[in-house]
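This report concerns helix packing and salt bridges in one protein model. The structure is shown below.

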Amino acid sequence: MTGSERVDGTARPAWRRAQSLADDGASDRPTGHIPKVAGSRSTRHHRPEPGDADAVDLKALIAEYSQAPGARRHRRAAVDDAPAVPPPPAVPPPPTDPATTAPVAVITDEPAVADQPATKTSRAGRNLPAAIGVGVGAGALIITSLFAYRPSFVGIVVLAVAYGIYELVTAIRTVEARPPIVPLLVGGVAMDIAAWYRGPGGLMIALLVTVSGVAVWRLADGASGYLRDVSASVLVLVYLPLLAGFAVLLTHPDDGAARVLAFVGTVVCSDTGGYATGVLFGKHPLAPVVSKGKTWEGFAGSVVACCLCGSLIMVFTFHEAWWKGALFGAAIVATATLGDLGESMIKRDLGLKDMGKLLPGHGGVMDRLDSLLPCAAVAYLVLAAYVG
């Protein structure tokens, strides 16, 4: 076998034969020196044949030397030395014997309708039985206080005003205004007590003194928001204790109990008549921007109920002409509607549905005083003009 043949009998390429001859004649040169042989291409530019045993995988070589020195060797050694991890054994499925398998209960986010307690609510979203019960209880308390011991009615008014001030101040404080509650409570109670003992003059003097006290009290908190807080305090004093003071003034005459009942009964007829006709026939909103629940049909029902109630009261209680009672009822229904819309506007501005939660089915105390407060002043003036 010649030097140009392989073991398998195939001839070596010409460039491989020239390389062999060059290696034999240059054995005395340093190891690693690659001589250039005429007529042959450099090994670096050689593309190996598919069956060449000396072919070098350039991609593997580049990937090996592009890594950090020794990294590939260490990784290969770690992979070679790591023990083989057997795959986890397959877990057999649980038995599906229908006799031993319990049914799976499906839990939903919302309970079934049958499990929810039934609550009777009106179209206005109120608990109607609770609202009726609270109304009847409040009416019985007022009637008992008027005929048993008249000053006790003043005590009921004072308690309602005090809690109403607390509710209104708490609601106003949800925005930026901060009316001081201590002088408002003390001054509001003092105003209604002064109305009982000193009449209209005492009520107005107590109002002025309370406003001055609030202005002085607020000085301690600095100038920031001073006008805003004092203005909100004046609104609270006028809206609650001042208007409630006219209900106290209604009890001063000898027939004070009848005057208070005429005032409260007519307001109740306004609310009841408007609610009934609004639920049955209400289709046209009265003031959709302020209150979506009030309709023109409900307002017409309030007018009819108030005029009829006022006429009956004026004829059989005060022995006056029926038309005076009709005018009295018309004045009450107009004032009650405006008072209700005004309180709804305040709640809408504050972002509240109710002023409180003290009275079930009604909300807070202010939610029941909204129409009574302005009507107290109108009833006092009208009855003073008609009855004397």
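Glutamate 343 and lysine 347 both belong to helix 10, 4 residues apart, about one turn of the helix (helices are DSSP runs of H or I with at least four residues, and strands are runs of E with at least two, numbered from the N terminus). The two residues form a salt bridge, with the closest N and O atoms 3.5 Å apart (a side-chain nitrogen of Lys or Arg within 4 Å of a carboxyl oxygen of Asp or Glu). Glutamate 343 and lysine 347 are buried (under 20% relative accessible area, with exposed over 50% and partly exposed in between; 1.4 Å probe, protein chains only).

## Basis of the values

The model is predicted: local features need pLDDT of at least 70 and side-chain atom pairs count only at pLDDT 80 or more, whereas totals for chains, interfaces and linings use all residues. Residues are numbered from 1 along each chain as its sequence is written, and side-chain values use heavy atoms, leaving out hydrogens and water.

## Further salt bridges

Aspartate 340 and lysine 294 meet through their side chains in a salt bridge (2.6 Å, N to O). Aspartate 340 lies in helix 10 and lysine 294 in strand 2 (residues 291–295), so the pair ties together parts 46 residues apart in sequence. Aspartate 340 is buried at 16% relative accessibility, while lysine 294 is partly exposed at 23%.

Lysine 324 pairs with glutamate 320 in a salt bridge (3.2 Å, N to O). Lysine 324 is buried, with a relative accessible area of 18%; glutamate 320 is partly exposed, with 24%.
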